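Here is a short walk through one protein model. Keep the structure in view as you read.

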Amino acid sequence: MPMVLTVLEARVAAGREADLRAAYRDSAQGPFPPGLVSSSLLRLTADQAVWRIATLWASSEAMRGKGTPRGVQIFQAAGAQPTLSILEVVDELAPNRSAA
């Protein structure tokens, strides 16, 4: 079963960036949903009002929760409504950490 990457994206008003960052940090306190591999809060360098939350899931089943997804709630805490993209991880490359 392939991993899945979800990307939430929204424009966040300059005065609400601190709210977004605080809500994201608060989510790090857990609990974490089963199957969550990693998550990153990202800002577009070309347009600093555009933010993304990219979350890697162990499977498409793992990303399906109940209620409003936490990432959506994080953006809503900053007054933004995100759009969602779902991508299937087809292949991966990673450096060999033991060779360092």
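Arg16 and Asp19 form a salt bridge, with their closest N and O atoms 2.6 Å apart. The term means a side-chain nitrogen of Lys or Arg within 4 Å of a carboxyl oxygen of Asp or Glu. Arg16 is partly exposed at 30% relative accessible area, and Asp19 is partly exposed at 33%. Here buried means under 20% relative accessible area, exposed over 50%, and partly exposed in between (1.4 Å probe, protein chains only).

This is a predicted model: local features need pLDDT of at least 70, side-chain atom pairs count only at pLDDT 80 or more, and totals for chains, interfaces and linings use all residues. Residues are numbered from 1 along each chain as its sequence is written, and side-chain values use heavy atoms, without hydrogens and water.

The salt bridges come to 4 by this rule. Another joins Arg11 to Asp47, with the closest N and O atoms 2.7 Å apart. Arg11 lies in strand 1 and Asp47 in the loop between strand 2 and strand 3, so the pair ties together parts 36 residues apart in sequence. Helices (H or I, at least four residues) and strands (E, at least two) are DSSP runs, numbered from the N terminus. Arg11 is exposed, at 54%. Asp47 is partly exposed, at 25%.

Arg43 pairs with Glu17 in a salt bridge, the closest N and O atoms being 3.5 Å apart. Arg43 sits in strand 2 and Glu17 in helix 1, so this pair ties together parts 26 residues apart in sequence. Both Arg43 and Glu17 are also among the contacts of Trp51 (heavy atoms within 4.5 Å).

Notes. Lists of a residue's contacts leave out its neighbours within four places in sequence.
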